[in-house]
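Q: Could you take a close look at the aromatic pairing in this protein, and then at the packing that surrounds the picture?

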Amino acid sequence: MSGKTMRLENKVAIITGAASGFGEGMARRFAEEGARVVVADLNAKGAERVAEEIGPNAIWTQTDVSLRSEFDEMIYAAKSAFGRIDIMVNNAGFTHRNGDMLGVDEETFDLITAVNMKAIYHAALSVVPIMDRQGGGVILTTASTAGLRPRPGLTWYNASKGWAITATKSMAVELAPRNIRVNCLCPVAGETGMLERFMGADTPEIREKFRASIPLGRLSTPLDIANAALWLASDEAAFITGVALEVDGGRCI
C-alpha cells in the first residue's frame with residue numbers, strides 16, 4: 001500500500017456480527033484500509049479468531065446486541081483500546097426459517113426485533129454522543145433487499161429490515177447537523193451462516209432458484225458487501241447520507 005492513502009486511516013470502527021459472513025468481510029477489508037477494528041460478536045471464539053488474524057489493529061468483544069449493558073461494555077472496550085469511535089456498523093442479524101408467517105413463534109419474533117431493530121436504537125444511544133463530541137462519524141446498518149422488495153416466506157424478517165431502512169433515513173436527517181452520516185446496505189442473499197434459513201432448505205435446486213432471481217447470476221459474497229461498506233464509511237462518501245444501497249446484482253430491479 002506504499003504511496004497510497006488508505007481510505008480509513010486513523011479511523012476506529014466497531015462491527016457487530018463480525019465473527020463470520022458479511023461482518024468478517026467488513027472487518028478484514030476495513031483493516032486493510034487502515035482502520036482499527038472492534039470485532040464484536042455473540043460467538044466469542046469466532047470473534048477472537050478474526051481479531052487475531054487481523055493483528056494488532058483489532059480487538060474482539062463477546063457482545064449480545066440485544067442488550068444495552070453489553071453495548072456499554074463493547075463501547076468501553078473500544079474507547080479503552082483505541083480512544084475514539086468513528087464508524088459504527090450494525091451488522092449482526094437474525095432471521096426465522098423461510099416458511100409460513102403464522103408458524104413463527106413469539107420467542108423467535110422477539111429475537112428478530114431485538115437483534116435487527118432494537119440493536120440500532122442501542123447503538124444510537126451509545127455512539128451518537130461520542131461522535132457528536134468528536135465532530136462527526138458514520139453509522140452503517142446491514143439491512144436487506146428483503147426490506148425493499150419483500151417476498152413470501154420471510155415476512156417478519158422482511159418487516160424488521162424495512163424498519164431498519166426507515167430508521168436509517170430518519171436518523172440521517174436528524175443527525176446531519178451533527179455531521180453524522182447514516183446509511184444502510186441492502187444485500188441480496190449471500191454465503192453466510194443464515195443462508196439456509198433464508199432459503200428454507202439448502203439444496204442445489206433451491207440455490208439455483210435463488211440465483212435465477214439475480215440478474216448478475218450469483219449470490220452476494222462478503223467481499224461484495226465489504227467493498228460497499230468501505231466506500232460508505234470512507235470520506236469518499238462524505239456527501240452520502242440516508243441511502244439504502246442495493247448490493248444485489250440487480251435483484252431489486
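A: Happy to! A residue is called buried under 20% relative accessible area, exposed over 50%, and partly exposed in between, using a 1.4 Å probe and protein chains only. By that scale Trp156, at 28% relative accessibility, counts as partly exposed. Phe109 is partly exposed too, with 31%.

A word on the basis: this is a predicted model, in which local features need pLDDT of at least 70, side-chain atom pairs count only at pLDDT 80 or more, and totals for chains, interfaces and linings use all residues. Residues are numbered from 1 along each chain as its sequence is written, and side-chain values use heavy atoms, with hydrogens and water left out.

Searching the whole structure turns up one aromatic pair. Rings of Phe, Tyr and Trp (its six-membered ring) pair if their centres lie within 6.5 Å; planes under 30 degrees apart are stacked, over 60 edge-to-face, and the rest tilted. Phe109 and Trp156 make an edge-to-face pair, with 5.7 Å from centre to centre and 85 degrees between the planes. Because Phe109 sits in helix H4 and Trp156 in helix H5, the pair ties together parts 47 residues apart in sequence. Helices here are DSSP runs of H or I with at least four residues, strands are E runs of at least two, and both are numbered from the N terminus.

Now for the packing. A nonpolar core is a set of buried Ala, Val, Leu, Ile, Met, Phe, Trp, Tyr and Cys residues joined through side-chain atoms within 4.5 Å. The largest one has 35 residues, and Ile14, Met74, Ile85, Met88, Ile139 and Met171 have the most contacts inside it. Elements giving two or more residues to this core include H4 (106-134), H5 (155-175) and strand S6 (180-187). H4 supplies the largest share, nine residues.

Ile85 is worth a stop. With contact meaning heavy atoms within 4.5 Å, and neighbours within four places in sequence set aside, Ile85 touches Val12, Ile14, Ile75, Ala78, Lys79, Val127, Ile130, Met131 and Gln134. A second, separate core holds 30 residues, among them Val50, Ala51, Ala233 and Val247.

Stepping back, the protein has eight helices and seven strands, and 51% of its 253 residues count as buried. Of the contacts with a separation of 6 or more, 69% come from residues 24 or more positions apart. Along its principal axes, the C-alpha trace spans about 45 × 40 × 35 Å.
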